[in-house]
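Subject: Structure handover

Hello,

Please find the structure below, with notes on what was found in it.

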Amino acid sequence: MHLFTPNHVSLIAACYPSSSALASSGPEYRPNAQDLSKLTYYAANRPGKINKLGGELEKRVKAGCHKAQYGNVRARASLLITLSVLRALAVECRRDISLLSPALVACLKVTLDSLSSDLEVVARAASVFTAWCTFTDGHVIEADSHLARDYLAVLRRFAQLSTADVKSVDHELRNRTRLVGLAALTGAVNSEALYCSSNQYKPQASIISRALLFHAMNAELSVLDECAEAIKSNATSIYLAEFRSRPVIERRAASIHAHVDGESGPSSSDVLNTSLRALQHMVQHSNGAQMGLLMQATFESLGNLKVWEKLDQCRWLAQKACEWAQYQYRYAVPTRLVEQLLLIQDSSICTAQHRALATMVPTVFTSPVPLVNLSTSDIISNLISLVLRRVSIDPQDALLPSLVECISSLGTHIYYSDQIQDLAGELVSRLVTVEMQGVTGRDKEHGDRRRSQAIRCLLAGLLGLMRAADGSQVVSDDKNIPQNTPSFSVPQNNDPSQRPPSHLSRRTRVSGEVWHETLSLLCDGDFSVRNDYAHTLVDYLRKEIPKRGDTTDENGVRRSRPLVEGSPTHQANSIGILLYGDSATRSLHATHAYLFILATTSSLGISFNSTPSPAYSTSGDIPSIGVTAPTPQNESGPVHGHGADPHGSSPARKSPGLLARTRKISNAQRLLESVPEKVSAAASASLSDYALILYVLSAIHEEVPTRGLLVGLPMLMALHETTEVEDGTTEASKQRMKVIHELLARVWLVLGRVWECPELVDLAEKALSTMKAAPTLPSLPEFIPGVLRPAQTEVRFPPIAAEGAIEPWSNVNAEEALAMLVSSKSVQEATGLDRQGLLRRCSAKWTVDMALRDSADRPNNHRMMEGGSPLLKLSPALMAIENLSLQSLTRSVRGVGVTDLRDALEGRAGASNPALVRRPSVSTLECSPSLDLRSSPLGLTRSRSRPKKRAVTSSAGEVRDVLNRLGIGKQNGSSLLKASFQ
């Protein structure tokens with residue numbers, strides 16, 4: 001050694017054996033232990049010398065690598081010893097590892113670039129890299145661009161080794177090579193260098209994930225499950241240790257060897273187990289933002305590996321990613337899956353990546369792994385946009401069924417009671433827009449096909465969403481379809497033993513107000529849309545529609561609770577629901593109106609060129625056809641606190657676009673004007689349409705029998721009247737009338753069975769038995785809820801062979817059937833009306849115009865205000881009394897509105913009772929909303945104002961008498977009512 005050799009160089013040189021002993025220092029190739037301890041002590045106590053030590057070691061590594069490439073044994077041995085010295089310095093100088101990092105990583109890069117085929121050298125380099133990863137905090141990478149570049153190059157080298165396919169018959173050599181690379185990558189996964197910086201996370205994650213996914217995606221699904229279970233049961237790896245759980249000072253770096261004497265070589269399952277464990281740790285240690293970057297890196301890796309075709313492995317990967325991620329960051333997995341679908345939505349063809357991503361989304365949602373912080377509204381909005389985009393590209397796109405499944409699966413995660421109703425409202429809003437405006441595409445020739453397919457996709461997703469929320473299995477529900485036999489019957493589908501298993505759900509059911517927007521699809525111009533919607537509507541009637549007051553008896557037949565069994569409050573409540581109607585009743589009014597239009601009109605479909613009729617207001621919701629938008633209020637019956645519809649109290653729905661709403665109202669007006677007085681051969685409905693009408697009416701009378709009876713019987717009588725035509729009609733008209741008579745007979749049969757009226761059943765069966773010749777109602781094809789099926793074709797009326805081919809038959813006499821039904825004791829008990837009252841109500845004049853007006857959500861003066869004082873149990877008798885001090889009773893709970901602002905501006909805000917002061921600027925006492933569909937809407941107009949001194953038609957004694965009869969007079973010697981009425 002030269003006299004003037006620097007001390008740090010002398011300490012490093014002393015660690016090597018003599019030149020003659022270098023070749024024989026194997027197989028360990030270890031530095032001199034005593035001299036190595038001197039070197040590490042020197043470096044630990046003099047951090048300023050670490051940079052010089054690193055520079056000297058880097059020179060030795062470069063020289064050793066250059067000579068070892070040409071087979072120099074001594075140079076190779078010296079290189080192995082140098083790597084051991086580097087590892088010892090990294091372990092002992094862990095507090096100042098950042099000073100050694102540039103030289104150490106540079107040495108590793110040179111070594112791997114030069115001798116990547118030498119497994120022993122690579123294993124020694126991997127051991128050095130793992131030690132550095134164990135103790136570094138990662139900040140030095142972001143600060144030093146050269147170090148970051150070298151570090152990523154080292155990662156790429158180890159990633160290549162982990163997927164190396166050694167050209168040798170020795171599989172153990174290949175597995176050892178891969179394990180060495182995986183060991184180094186695992187060190188990086190457990191290092192702070194990966195997670196400390198968001199800027200450095202993505203490039204590292206891209207390199208590491210590709211290497212780890214290579215093994216997972218090329219393994220069989222059964223092997224993946226076995227390895228995942230092994231990882232779960234054994235938290236400690238046999239090859240590696242987890243470092244991030246300990247402080248830096250307490251960590252111990254793993255030592256990696258190419259082979260241990262006496263041990264058998266690793267198997268392919270060991271390699272897979274190691275890669276899955278590293279992948280699990282990477283997912284577990286990532287936060288929310290990093291999970292998003294990791295998912296993006298995963299998509300790129302799957303594309304580079306060309307493994308999107310392996311759908312089973314993709315689904316397994318998505319589920320495990322959710323399971324391994326931290327609880328609060330699991331939402332990133334499905335969110336990124338949907339966002340990735342949006343990024344590639346413009347592709348003209350459905351690729352393997354589309355199919356894989358679309359199958360991964362429902363896998364995540366339907367897995368038992370809980371998800372939090374998931375924005376379901378954003379996800380369903382993105383999925384709907386994706387559906388519409390794919391439809392605009394190709395109406396028969398192969399991705400559409402999978403996207404429908406994605407929408408349906410979103411219903412399995414419910415975070416608040418109104419979630420499904422809100423999601424359904426979003427679907428319905430987009431459904432109405434598509435119905436009225438269609439879907440724009442690249443070519444204008446298939447606009448109707450795109451529109452119909454988009455509607456069918458959204459309907460299937462809507463039904464699947466509701467089914468998934470209840471945990472129902474996907475089974476056919478078409479048990480009530482008409483058969484081509486004279487003894488037609490509608491089996492009950494209410495037996496719990498015949499229903500698909502489901503769990504109890506506390507979610508809010510989709511209200512009739514939300515569903516009302518879709519009812520016009522019953523009269524759509526495309527039969528495939530009408531068919532799918534009719535089945536969706538039946539499913540809604542059976543499982544979603546509010547059924548307050550309905551119970552199920554031991555025979556599985558739905559009944560409304562008899563009024564005599566309830567308290568006076570319950571009796572009044574039930575009468576109020578039946579007479580005034582809740583959201584379900586109003587939806588039934590509209591349903592019967594559209595069914596009548598479908599059965600009789602000659603003009604189905606949407607007219608896009610029509611202009612809005614001036615008789616409609618475009619400012620309100622579409623259910624209020626011909627009625628101005630009402631003031632939002634909760635539904636309530638005549639008795640305070642018991643008449644509210646629990647399913648109609650959610651916030652206002654999102655309204656579709658103004659253009660779509662205008663067109664929808666205009667189309668409703670056109671349909672209304674096309675309803676004929678008598679049925680004719682010009683009607684557009686086919687045999688399949690009449691079968692669908694029967695299917696819907698049967699479901700109504702089975703699921704909501706009382707409401708269906710009071711709402712539907714007048715419509716049945718009106719439909720029967722349309723078939724009463726004079727002699728001399730054409731054979732085509734007779735053919736259609738015969739089908740309507742069969743439809744009515746089968747509905748009467750359903751009514752007789754539901755209400756246990758044997759006389760009516762016998763009457764209907766006797767009439768059906770006289771039917772000899774076709775046409776008869778066809779059977780409906782099987783319908784699988786929540787699944788996008790191919791479009792169904794309709795069964796049309798057969799051509800008439802000759803004059804007189806339509807044989808007459810003894811159809812059901814509607815008046816006789818109605819008399820039997822209203823005489824039924826069960827009907828009278830359920831409705832609370834006697835025979836004359838039922839006969840009066842059911843035989844009343846019915847028109848489509850009236851039904852649509854009854855379906856409007858309008859304020860009812862006979863209903864009490866929600867949230868009012870419990871003392872205000874005022875009956876209609878009290879409301880009829882002229883009383884200007886009524887507002888004083890609710891002053892404590894009344895909200896502030898426009899009237900208060902007007903009063904304040906006009907100087908009347910200081911009055912204790914605004915109703916007793918001078919008249920307002922505009923009087924609305926004589927204004928009422930227009931309910932005539934064929935007249936212009938009545939706006940708010942000035943009318944005769946109230947005189948300053950209004951005559952009181954009732955004395956205070958009359959008011960007091962009414963209050964006393966109601967039991968809300970004086971209480972405990974003092975009353976809130978005393979000040980106002982005494």
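**Cavities**

The largest cavity holds about 120 Å³ of space. The model is predicted, so local features need pLDDT of at least 70 and side-chain atom pairs count only at pLDDT 80 or more, while totals for chains, interfaces and linings use all residues. Residues are numbered from 1 along each chain as its sequence is written, and side-chain values use heavy atoms, with hydrogens and water left out.

A cavity here is a set of points, on a 1 Å grid over the protein atoms alone, where a 1.4 Å probe fits but cannot get out; lining residues have an atom within 4 Å of a point. Grid points are joined across faces, edges and corners, and a volume is the space filled by probe spheres set on the points. By this rule there are 12 cavities of 30 Å³ or more.

The lining of the largest cavity consists of Leu-213, Leu-279, Val-283, Met-291, Leu-294, Met-295, Thr-298, Leu-317, Ala-318, Ala-321, Trp-324 and Met-360. At least two lining residues come from each of helix H13 (268–285), helix H14 (288–305) and helix H15 (311–324). Helices (H or I, at least four residues) and strands (E, at least two) are DSSP runs, numbered from the N terminus. Sorted by class, the lining has 11 nonpolar residues, one polar and no charged. Ala, Val, Leu, Ile, Met, Phe, Trp, Tyr, Cys and Pro count as nonpolar, Asp, Glu, Lys and Arg as charged, and the others, Gly among them, as polar.

**Salt bridges**

The whole structure contains 34 salt bridges, each being a side-chain nitrogen of Lys or Arg within 4 Å of a carboxyl oxygen of Asp or Glu. For accessibility, buried means under 20% relative accessible area, exposed over 50%, and partly exposed in between (1.4 Å probe, protein chains only).

One of the bridges joins Asp-113 to Lys-109, with the closest N and O atoms 3.2 Å apart. Asp-113 and Lys-109 are about one helical turn apart because they are separated by four residues in helix H5 (residues 97–114). Asp-113 is partly exposed at 35% relative accessibility, and Lys-109 is partly exposed at 28%.

In helix H15, Lys-320 and Glu-323 lie three residues apart, about one turn of the helix. Their side chains form a salt bridge at 3.2 Å, N to O. Lys-320 is buried, with a relative accessible area of 10%, whereas Glu-323 is partly exposed at 24%.

Glu-544 and Arg-509 also form a salt bridge, the closest N and O atoms being 3.2 Å apart. This pair links distant parts of the chain, 35 residues apart: Glu-544 is in the loop between helix H23 (527–543) and strand E1 (550–552), and Arg-509 is in the loop between helix H21 (447–469) and helix H22 (512–515). Glu-544 and Arg-509 are both buried. Through shared partners, salt bridges join Asp-470, Arg-507, Arg-509 and Glu-544 into one network.

H21 has 23 residues and spans 33 Å from its first C-alpha to its last, close to the expected 33 Å; the expected span is 1.5 Å times one less than the number of residues. Of the 23 residues in H21, 20 are buried.

Glu-731 belongs to helix H29 (residues 731–754) and is buried at 8% relative accessibility. Its C-alpha atom is 7.4 Å from that of Ile-800, 69 residues away along the chain.

**Aromatic pairs**

There are 11 aromatic pairs in the whole structure. Rings of Phe, Tyr and Trp (its six-membered ring) pair if their centres lie within 6.5 Å; planes under 30 degrees apart count as stacked, over 60 as edge-to-face and the rest as tilted. Phe-299 and Trp-308 make a tilted pair, because their ring planes are at 35 degrees, with the centres 6.4 Å apart. Phe-299 is buried at 4% relative accessibility, and Trp-308 is buried at 7%. Ring pairs also link Phe-129, Trp-132, Tyr-151 and Phe-158 into a cluster.

**Positive phi**

Most residues other than glycine have a negative phi. Tyr-29 has a positive phi of about 50 degrees; Tyr-29 lies in the loop between helix H1 (7–14) and helix H2 (33–45) and is buried at 10% relative accessibility. Lys-306 has a positive phi near 55 degrees. Lys-306 sits in the loop between H14 and H15 and is exposed, with a relative accessible area of 67%.

Regards

Key
1 Å grid on protein atoms, 1.4 Å probe; cavity = no way out; pocket = protein on both sides within 12 Å on 5 of 7 lines; lining within 4 Å.
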